[in-house]
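Open the model in your viewer and follow the stops below in order. Each one says what to select and what is there.

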Amino acid sequence: MIIIALFLLIILLWWPLPFKVEWPLCWTGILLILIGGEIAYPETFTAPALGTASLLTWLESIGIVLIRRFSEPHKLIKYNQKVLALMLLNLFGWLPLLFNQTYQYSWFNQQIILVAQVINGVATLGLILYWLVIIWQQLFSKPESADYLVVLGAGLRQGKVPPVLAARLDQAIKCWQLNTKAKIIVTGGILHGESISEAQAMDDYLVAKGIPQTQIILEERAMNTWENLKNCQKLLLRRRQLDTKIQVVTSSFHVLRTSDYLRQLGLGWPTIASKTPWQLQPLTVVRDYLGVLRDHLYSWLTLLVIVVLICEFVRFY
């Protein structure tokens, strides 16, 4: 079973064809060595093989997350499928194998298994809970009226609004229709070599959908979510509108991270979730989940250390 799972991981490393082959080639070499060792010396190689494979599964997912632009829609779909396949292999392959080993390991191999169990187990459990909250947001979030609607940018594709961003804008339109006196603030600068800002593309989309130009405010300097919110805070402060009802419209996968940033900025603005297309959820969800872990890296590492120490103590006694 371990050897089959290792070969499945090698296939996933090369599908779809990677942009750069250096890392997949290196990881494939490592996995082939581990497969050979697993065949000849299973009691010696099983723990390193499982630990390495579970680590590479997450590293490959992180590598995909770091690809900020996909030139063609079908490539974006394929990489979403790849992330989903990696997470399923991890959930139904590596984790059961890690927690159901009967070998009598040496002390060193016991430590490898324990660390892999804790890191992979906690990370996967967190991702599952995160995704369940996102599904809840997706299913039950409804449009609400407000005086100002802040729509966060989500990247462009050749100057056009892609599906994820279009869903945010469509949700903002539904909210605006409940109060047509509301102002819609679209926020986002020029990213990834685009010819226009996210805010301008969003403005064009809203106008084409029938929103009056006078009801749209552009914020064209923000480069990320934090700057989106910070710049809109400054904009509304200059207008002396911070005491009005303000809603932040963003994607279902982005609500938790946005709410965390709002809390850090001391803003009580509620969020409204737009639906994320199901075929695009694997990559977007994993990307934002990893972003949350990065934003709380020290808390995450502290949790892992505590869990490892507890497991060591329980096993010792």
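Start by selecting helix α7, residues 198-208. Its buried residues (under 20% relative accessible area with a 1.4 Å probe, protein chains only; exposed is over 50%, partly exposed in between) are E198, A199, A201, M202, D203, Y205 and L206. Helices here are DSSP runs of H or I with at least four residues and strands are runs of E with at least two, numbered from the N terminus.

This is a predicted model, in which local features need pLDDT of at least 70 and side-chain atom pairs count only at pLDDT 80 or more, while totals for chains, interfaces and linings use all residues. Residues are numbered from 1 along each chain as its sequence is written, and side-chain values use heavy atoms, with hydrogens and water left out.

Next, show what covers those buried residues of α7: the cover includes β1 (148-152), α6 (163-177), β2 (183-187) and β3 (216-219). Then step past the end of α7 to G210, which has a positive phi near 100°.

Now turn to the aromatic rings. How many aromatic pairs are there? The count is 4, taking rings of Phe, Tyr and Trp (its six-membered ring) with centres within 6.5 Å; planes under 30 degrees apart are stacked, over 60 edge-to-face, and the rest tilted.

Select Y130 and Y289: this pair is tilted, with 5.6 Å centre to centre and 55° between the planes. Y130 lies in α5 (residues 107-140) and Y289 in α10 (residues 281-295), so the pair ties together parts 159 residues apart in sequence. Both Y130 and Y289 are buried.

Finish with W136 and F140, a tilted pair at 4.3 Å centre to centre and 40° between the planes. They are 4 residues apart in helix α5, about one helical turn. W136 is exposed at 56% relative accessibility, whereas F140 is partly exposed at 48%.

Conventions: Contact means heavy atoms within 4.5 Å.
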